[in-house]
Amino acid sequence: MERVIGSFDSGDRNVLMVVVGAIHGNELAGVKAINNVFREIEQSQLKVKGKILGIAGNLSAIEEKKRYLDYDLNRCWTFDKINAVRSTPKADLNNEDLELIELLGILDEFSEGEYEQKVLVDLHTTSAENGNFIVIPGNPSEQSIVRSLKLPMIIDLDRYVHGTLLQHMHQRGFLSFAFEGGQIGSEKAIDLHTHGIWELLYQAGAIEPKNDFKKLLHYEELVGSLHAHLPTTVKVLHRHKIERQDYFRMKPGYQNFQRINKGEILAEDKKGIITSLFDGMIFMPLYQNIGNDGFFIVEEL
Ligand SMILES: [Zn+2]
């Protein structure tokens, strides 16, 4: 797979949008969606206003169909880590170090210049059901284009999870968010991501009014068909952090935003059962044997 899936620059300064797929190598919906969008732009010769870039995240992990090889490429975007990697001789760099350096090079080059709006969309999929939501640092304004995605927004996950690409780009002045499109491997996630990108391009003024592209822009219908009664905005109450040697196992069947009660058995590990410390909703329960977050508990604002 190529790093740059597609790019376009009309020379206008209205918007700069970067869309990233598969920063976790086993989450391919995003790169497929980016492909769909750029193919359609080319085939239908759509007029794009602004500068857009679609890139693939962890190329070596995509190759191996794994989330990551040496470390999580979405937990390393701190200035300390970046400086450390940049001052290490190339021969001593591991897989993700090399990915990080290459991505930084592209982002640095591409994000030069002043724009009315700079946007970074980081596409992900999850291992649990009902995995359609937005992770964004801080509560975005009512006018923000991210609101057009009409998905639950998790506004303070950055207090618990550090070194994400979206935090890094947020610090660089981008409207920056993770867009979770659904379950890993599902066709619906590709569809939601594809039409979500169209919706964002339209909302950002990068493509023409919606009426001209009715067929393309049926995002609202797609979102409407998702599980009803999802919360609008949630904040995190608790993170259950895990290590590989904990032998953590989530109790089967939990979906994102499913209600849970204090004392409810949620999982077990080598020390025994793990119960909920709060009344709330379960969020990102881990159903793959890689990662450091067992689950989160969130509450609606
Ligand atoms: Zn991911």
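**Figure 1. In β14, I297 is the bridge partner of H238.** This is a predicted model, in which local features need pLDDT of at least 70, side-chain atom pairs count only at pLDDT 80 or more, and totals for chains, interfaces and linings use all residues. Residues are numbered from 1 along each chain as its sequence is written. Strand β8 (residues 233-241) and strand β14 (residues 293-300) pair in the antiparallel sense, over seven bridges. Two strands pair if DSSP finds at least two bridges between them. Strand β13 (residues 280-283) also runs antiparallel to β14, with three bridges joining them. Here M281 stands opposite V298 in β14.

**Figure 2. The whole chain holds seven helices and 14 strands.** Helices (H or I, at least four residues) and strands (E, at least two) are DSSP runs, numbered from the N terminus. The C-alpha atoms fill a box of roughly 60 × 50 × 30 Å, taken along the principal axes. How does the radius of gyration of the chain agree with that of a compact globule? For 301 residues, such a globule would have a value near 19 Å, and the chain has 19 Å, which agrees. The radius is taken over C-alpha atoms, and the globule rule is 2.2 Å times the number of residues to the power 0.38. Of the 301 residues, 43% count as buried. A residue is buried if 20 or more other C-beta atoms lie within 10 Å of its own, exposed if 12 or fewer, and partly exposed in between; C-beta atoms are placed from the backbone.

**Figure 3. Eleven strands form an open sheet with mixed pairing.** The order is β1-β3-β2-β4-β7-β5-β6-β8-β14-β13-β10. Which strands stand at the edges? They are β1 (4-9) and β10 (259-260). Each has a single partner strand, so one side of each is left without a neighbour in the sheet. Inside the order, strand β5 (residues 132-135) and strand β6 (residues 153-154) pair in the parallel sense over two bridges. V135 stands opposite I154 in β6. In a regular strand the side chains alternate between the two faces of the sheet.

**Figure 4. Three strands form an open sheet with antiparallel pairing.** The order is β9-β11-β12. Strands β9 (249-250) and β12 stand at the edges. Each has a single partner strand, so one side of each lacks a neighbour in the sheet. Strand β11 (residues 265-269) and strand β12 (residues 272-275) pair antiparallel over four bridges. They form a hairpin with two residues between them. In β12, T275 is the bridge partner of I265, and I274 is the bridge partner of A267.

**Figure 5. The chain is divided into domain 1 (4-224) and domain 2 (234-300).** These bounds come from an automatic or database domain assignment. The contact between the domains takes 16 residues from domain 1 and 16 residues from domain 2. Two residues are in contact if their C-beta atoms, placed from the backbone, lie within 7 Å. On the side of domain 1 that touches domain 2, eight residues are nonpolar, four polar and four charged. Ala, Val, Leu, Ile, Met, Phe, Trp, Tyr, Cys and Pro count as nonpolar, Asp, Glu, Lys and Arg as charged, and the others, Gly among them, as polar. The C-alpha centres of the two domains lie 26 Å apart.

**Figure 6. The largest nonpolar core has 83 residues.** Such a core is a set of buried Ala, Val, Leu, Ile, Met, Phe, Trp, Tyr and Cys residues joined through C-beta atoms within 7 Å. Helix α6 (residues 187-203) gives the most to this core, with eight residues. The core draws at least three residues from each of domain 1 and domain 2. Which residues have the most contacts inside the core? They are M17 and I134. Not counting residues up to four places away in sequence, M17 touches G50, I52, V119, V121, L201, A204 and A206.

**Figure 7. A22 and M284 have positive phi values.** Phi is about 55 degrees for A22, which is not a glycine. A22 lies in the loop between β2 (15-21) and α1 (29-43). Is A22 buried or exposed? A22 is buried, with 27 other C-beta atoms within 10 Å. For M284, also a residue other than glycine, phi is near 50 degrees. M284 is found in the loop between β13 and β14. With 26 C-beta neighbours inside 10 Å, M284 counts as buried.
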